[in-house]
Amino acid sequence: MQIQIQIPEKVNKIIRTLAAAGHEAYAVGGCVRDAVLGREPADWDITTSASPMEVKALFCRTIDTGIRHGTVTVMLGQEGFEVTTYRVDGTYEDCRHPKEVQFTKSLLEDLKRRDFTINAMAYNDAEGLVDAFDGTGDLEKGIIRCVGKAEERFTEDALRMMRAVRFSAQLGFSLEEQTRAAIGKLCGNLRRVSAERIQTELVKLLTSPHPERLREAWETGITRVVLPEFDRCMACEQNNPHHIYSVGEHTLHALAYIEADKVLRLTMLFHDFGKPEVKTTGPDGIDHFRRHPEVSEELAGKVLKRLKFDNETVRQVKKLVWCHDQHPALTPAGVRKALNWIGEDLFASYLKVQRADILAQNPAMQEPKFLALEKVEQIYKRIIREQNCITLKQLAVGGRDLMEAGFPAGPFLGEILQYLLELVLEEPERNQKEWLLGEAVRRYGRPPSPD
Ligand code: ATP
Ligand code: MG
């Protein structure tokens with residue numbers, strides 16, 4: 001059957017312009033794969049026989065995106081399209097980067113250097129689909145298969161092994177047998193891949209529709225190299241009435257139970273990482289994991305830094321991991337206190353984390369946990385609606401007010417404010433300047449008069 005793809009008009013315009021000048025040009029790679037699957041491609045890449053200089057000569061506005069690798073971005077209006085000259089990759093150094101690239105006049109050569117059959121298809125309206133490695137067959141079968149010999153392709157570039165698992169998670173596909181076996185054999189080479197590239201693939205895997213396919217990365221040996229802490233979780237059984245899975249399996253389920261947001265998925269990945277370290281078994285044979293949130297938080301920080309995540313992501317994930325197992329008293333004061341230490345910015349996420357965590361625990365024990373969680377949620381919504389004071393910033397007195405009332409400057413003021421905030425967290429009606437100053441005097445004594 002002839003496969004028809006709807007190419008956006010601007011992409012067609014670029015292809016037609018190149019063709020009119022005597023060059024070949026096709027949409028290629030991920031966009032063709034997604035279009036064949038009936039999904040909306042994120043961006044459209046174009047491959048051409050024209051050299052970068054020839055491409056630049058044909059369009060008014062271009063950017064030299066990666067000119068050494070043959071990539072020019074063509075700007076049409078506000079949109080940019082990457083146009084890359086057909087190329088073959090030279091010899092690879094260190095399982096990472098080709099030492100040099102060579103341009104070629106053969107589309108087939110260009111398709112051959114691509115990682116997977118489903119990513120090695122090209123299309124234009126004049127020629128239709130160019131599918132030299134049966135990418136459409138593999139899309140139908142739902143498999144990720146290397147172009148050519150898997151071992152060679154992974155030896156050239158080790159990152160492709162993580163890409164294989166990432167595409168399997170994004171598309172819900174399985175790894176073709178030889179591709180899988182080659183990963184098992186060569187995953188050690190991932191040690192030489194930069195942390196930034198690993199981070200990108202890990203995030204794409206985790207924020208995909210099938211984050212639980214991290215299991216594939218474990219089965220094939222990838223996590224042993226890039227995330228050995230996870231392998232320890234897979235080996236850590238939980239003989240405890242709250243649980244029915246090992247720590248690792250619980251983690252995989254919890255990942256699937258939370259929305260596809262980077263911080264939330266990373267939090268679920270790390271939330272129990274500390275359990276193997278703190279596990280103790282009681283005389284009754286029941287396993288306990290005391291202090292695991294703190295140890296998990298520490299490990300999360302360590303792993304996120306190792307993978308070069310940005311500070312804000314590290315901060316949010318660490319905080320959520322640390323508080324994932326905190327249970328506020330089911331009273332307005334209890335929830336206000338929880339809001340104070342978790343922070344208003346992360347509280348909604350904290351509730352989502354708890355929900356996913358409970359869903360991945362023993363179903364027989366879930367009901368009371370959900371009832372408590374719903375109660376916290378209700379109270380939380382009311383606190384926000386009523387704009388209760390939950391931070392020092394919202395307190396009706398500040399350091400300046402205390403000094404004006406005669407308290408000497410210094411760190412002591414912080415202690416007083418903290419004390420007053422705790423009174424207000426108990427009862428929000430107390431958040432009035434007069435009353436608070438009176439309380440400060442009652443508790444800490446009348447300040448010396450200024451003269
Ligand atoms: P997405 O953009 O959704 O992550 P994609 O398939 O477009 O998926 P990109 O990383 O944008 O992936 O790469 C575009 C194309 O370039 C791929 O479809 C593939 O043909 C090729 N490619 C990318 N990285 C590699 C690699 N490491 N080895 C071989 N080919 C690659
Ligand atoms: Mg892409």
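Visitor: Which helices each supply at least two residues of the shell around ligand 1?

Guide: This is a predicted model. In it, helix 2 (30–36) and helix 7 (159–171) each supply at least two residues of that shell.

Visitor: And which element gives the largest share of the shell around ligand 1?

Guide: Helix 7 does, with 4 residues.

Visitor: Which residues come nearest to ligand 1?

Guide: There are 13 residues around ligand 1, and those that come nearest are Arg33, Asn119, Asp157, Arg160 and Arg166.

Visitor: How does the shell around ligand 1 divide by class, into nonpolar, polar and charged residues?

Guide: The shell has 9 charged residues, 3 polar ones and 1 nonpolar one.

Visitor: What does the side chain of Arg160 have to do with a nitrogen atom of ligand 1?

Guide: An N or O atom in the Arg160 side chain is 2.7 Å from a nitrogen atom of ligand 1.

Visitor: Which side chains lie 2.9 Å from an oxygen atom of the ligand?

Guide: Arg166 has a side-chain N or O atom 2.9 Å from an oxygen atom of ligand 1. For Lys204, a polar side-chain atom lies 2.9 Å from an oxygen atom of ligand 1.

Visitor: How much of the accessible area of ligand 1 does the protein cover?

Guide: On its own, ligand 1 has 580 Å² of accessible area, and the protein covers 76% of that.

Visitor: Which pocket does ligand 1 sit in?

Guide: Ligand 1 sits in the largest pocket.

Visitor: Let us turn to domains. How is the chain divided?

Guide: The division is into domain 1 (9–141), domain 2 (142–226) and domain 3 (392–444).

Visitor: How far apart are the C-alpha centres of domain 2 and domain 3?

Guide: Those two centres lie 56 Å apart.

Visitor: A change of topic: the backbone. What is the phi of Lys308?

Guide: Lys308 has a positive phi of about 60°, although Lys308 is not a glycine. Its place is in the loop between helix 16 (292–306) and helix 17 (311–323).

Visitor: And what about phi of Gln387? Where does Gln387 lie?

Guide: Phi of Gln387 is near 50°, again a positive value in a residue other than glycine. Gln387 lies in the loop that runs between helix 20 (366–385) and helix 21 (399–404).

Conventions: Residues are numbered from 1 along each chain as its sequence is written. Chains are lettered from A and ligands numbered from 1 in the order in which they are written. This is a predicted model: local features need pLDDT of at least 70, side-chain atom pairs count only at pLDDT 80 or more; totals for chains, interfaces and linings use all residues. Side-chain values use heavy atoms; hydrogens and water are left out. A residue is near a molecule or strand if one of its heavy atoms lies within 4 Å of it. A polar contact is a pair of N or O atoms within 3.5 Å; within protein, one must be able to donate a hydrogen and the other to accept it, and residues adjacent in sequence count only if both atoms are side-chain atoms. Accessible areas come from the Shrake-Rupley method with a 1.4 Å probe; for residues, only the protein chains shown count as cover. On a 1 Å grid over the protein atoms alone, a cavity is a set of points where a 1.4 Å probe fits but cannot get out, and a pocket is an open set with protein on both sides within 12 Å along at least five of seven lines; lining residues have an atom within 4 Å of a point. A molecule sits in a cavity or pocket if more than half of its atoms lie within 2 Å of its grid points. Ala, Val, Leu, Ile, Met, Phe, Trp, Tyr, Cys and Pro count as nonpolar, Asp, Glu, Lys and Arg as charged, and the others, Gly among them, as polar. Domain bounds come from an automatic or database domain assignment.
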